[in-house]
Amino acid sequence: MLDLESLKNELNPEQFKAVTTTEGAILIIAGAGSGKTRVITFRIAHMLEKGIPQSQILALTFTNKAAKEMSDRIKDLTQKKLQNLTVSTFHAFGVRVLRQDIDKLGYRENFSIYDETDRISLIKECGRELKFSPEAMDIYTISNLISNIKTGRKNWETANDMYRPLYELYQEGLQLYNAVDFDDLIVLPIKLFREHPDVLARYRERYKYIMVDEFQDTSHQQYEMMHLLADKNVAVVGDDDQSIYSWRGADYQNIINFEHDFDVTEIRLEQNYRSTETILEAANGVISHNTNRKDKKLWSGNGGGKPIEIFMPLDEIDEADFIAQSILGIALEEHRKYDEFGVLMRANTQGRVLEEAFLEHNIPYTMSGGTSFFERKEIKDVISYLRVIANHDDDINLLRIINTPRRGIGRVAISLMNDEAVLNGCTMWNAMEALINRPGSPANDALKEDLADFMKLIEDQRQKLLSGRGLSAKVRQMVEDINYRDHLITEYSKNEKAVRFKLMNIESLLNSMDAWEKDPDNDNPSLFNYLNRITLMSRDDQDEEGGKGKVNLMTIHASKGLEFPVVFIAGAEEGLIPHARSVEENGGDVEEERRLFYVAITRARDKLFISSCQKRKRMNMINECTPSRFLDEIPQNLIEYHEPKQLTEEEAADMLGDFLEKLKARK
């Protein structure tokens with residue numbers, strides 16, 4: 001029972017107010033480490049306890065991992081299954097809306113969702129069709145421009161309109177292939193709500209209570225979606241000091257928009273349960289230099305804590321060695337496990353030297369930002385088959401698999417298909433049908449037979465995969481049917497290890513599919529739902545079991561929401577943090593970079609080390625470095641300049657012996 005007395009015992013006064021204020025528009029400013037997730041989960045549990053039907057509550061957040069954690073915690077608190085409670089990412093909620101009503105926008109309901117790889121393939125295809133020169137095809141720039149135009153961050157009056165025909169062809173291509181991209185998962189529901197008031201009315205009638213987590217990370221479109229859906233009972237939780245995603249459309253000004261658009265009650269959570277007073281004073285000292293922020297000051301009941309230690313290594317090799325030596329020393333001296341250490345960097349390029357130092361010192365580590373499991377070629381091949389089976393009009397994935405494994409449908413055949421598709425304004429699937437059946441078709445008999453065999457394969461698999469249960473077993477059989485194992489053996493004839501690794505990855509995919517199917521909360525384990533789920537999975541949602549017992553090496557952006565007893569911030573130098581490019585793109589404004597540094601500081605629970613190199617190699621040049629201006633903003637009484645603890649040979653041997661023993665025990 002979550003009665004008011006038990007809540008008072010569990011929560012501080014501000015948290016209690018945030019949890020029990022359930023009516024009206026609420027702005028909860030939740031500082032770093034202030035128990036934000038706890039407040040959200042207790043608030044929803046309290047609403048359910050009050051008798052608010054679970055079907056009337058919509059909680060929106062940013063990653064599947066955060067949504068799952070929130071949902072699990074609420075179920076633990078209430079001891080109920082809560083199958084009608086909607087806890088979702090913005091994008092997954094967008095998919096839910098589109099699955100119901102996308103036909104009103106001229107799509108068929110079994111649409112595909114293009115990931116970044118698919119999107120880039122379509123952009124290239126459009127560029128080729130418009131005969132753009134290779135110099136004009138800067139994919140990164142074009143992809144960003146398409147996203148900015150689509151989401152309203154830019155318009156053609158201010159953008160380079162030479163790309164306008166490509167944008168229009170890209171949009172036509174999506175509709176032709178019955179596909180949407182990630183931006184569409186927010187943009188199209190808004191379009192649907194605006195153009196079809198009856199659809200909006202249905203959702204507003206259902207969701208009487210809305211909550212948004214990480215509100216400072218919402219884009220203009222996400223804010224607009226929330227604003228359209230919300231009547232009067234809406235609570236948003238965020239911290240303007242942790243807004244670090246402007247480069248992907250986030251705008252902490254949405255906090256001001258919210259105050260303008262609703263009659264708001266503001267509640268501030270300033271007690272930090274994570275860090276020592278020293279670390280919080282350092283964070284407060286830095287962030288107070290920002291002007292565009294709500295005035296707040298984190299405080300801690302955790303006591304003073306150790307000084308922040310700053311080290312000025314000669315160069316990045318010296319820095320990496322310092323960090324590795326310090327980790328070994330602290331782990332030995334304080335009996336800490338390796339996964340209690342977080343090493344944060346501003347740019348991925350800093351990682352290589354740090355990795356080399358960890359390898360040299362036999363320190364196990366995990367690095368975020370490697371190749372996503374679902375981006376591996378063998379996984380994309382299997383998934384592409386599933387996408388084409390689900391949606392024959394998905395040209396991008398069809399072209400990926402039409403000759404994988406090789407089946408005699410090469411470049412000449414694809415060129416004929418492309419010509420047919422352009423001539424008839426149809427998809428590649430329809431073009432294949434035309435090449436097989438049309439009188440006067442340019443395809444010879446051998447090609448017609450190959451195309452017919454491929455189409456039959458897809459149709460046969462579709463009948464199997466869309467009927468009944470047992471999806472993973474059917475996909476396993478499909479991998480057998482297409483002879484994918486033999487394909488790998490042929491492709492990697494001189495690398496047996498690579499073949500084993502890739503087959504092991506496919507096995508992992510099938511096992512995860514099987515676990516998803518058998519999840520008791522999964523009431524519809526269909527192929528369409530599975531494809532939606534994996535498309536929405538982002539890197540930070542991958543299984544993190546592999547990180548146990550290892551040092552965490554990651555960018556500061558990737559560290560948001562995490563905490564570690566001991567944190568190292570590497571490369572606190574001008575040009576790195578604040579990053580030269582970010583400052584330049586923001587017209588000299590360093591406020592977001594300062595927020596990023598603030599996020600890095602507040603990841604630390606007990607100890608914080610910051611290193612700033614005297615020299616650093618960039619583009620094969622040795623450059624003199626200047627310490628980051630942010631170091632001067634930390635109150636000097638909190639700082640101690642540091643020399644790393646040098647291990648004796650005997651201590652280093654003991655550490656290595658312990659590590660090897662643990663490895664043996666794990667096997």
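1. Is the crossing of α5 and α9 left-handed or right-handed? In this predicted model, the crossing of these two helices, α5 and α9, is left-handed.

2. As for the geometry behind that crossing, helix α5 (residues 90–101) and helix α9 (residues 184–195) pack with their axes 8 Å apart and at an angle of about 50°. Because angles from 65 to 115 degrees count as roughly perpendicular and those under 35 as roughly parallel, α5 and α9 are therefore described as oblique to each other.

3. On the α5 side, the contact is made by Phe90, His91, Gly94, Val95, Val97, Leu98 and Asp101, while α9 contributes Asp184, Leu185, Ile186, Leu188, Pro189, Leu192 and Phe193. The residues of this contact between α5 and α9 comprise 10 nonpolar, two polar and two charged.

4. Turning to the sheet, seven strands form an open arrangement with parallel pairing, in the order β13-β14-β12-β15-β16-β11-β19. The edges are taken by β13 (365–367) and β19 (639–641), each of which has a single partner strand, so one side of each is left without a neighbour in the sheet. Direction ignored, neighbouring strands of this sheet are turned by 25° against each other on average.

Notes:
Residues numbered from 1 in each chain as written. Predicted model: local features only at pLDDT ≥ 70, side-chain atom pairs only at ≥ 80, totals over all residues. Heavy atoms only, no water. Axes fitted to C-alpha atoms, helices over the stretch in contact; angles between N-to-C directions. Helix = DSSP H or I, 4+ residues; strand = E, 2+ residues; numbered from the N terminus. Parallel < 35°, antiparallel > 145°, perpendicular 65-115°, else oblique. Left-handed = near helix turned anticlockwise from the far one by under 90°. Contact = heavy atoms within 4.5 Å. Nonpolar A, V, L, I, M, F, W, Y, C, P; charged D, E, K, R; others polar. Pairing = 2+ DSSP bridges.
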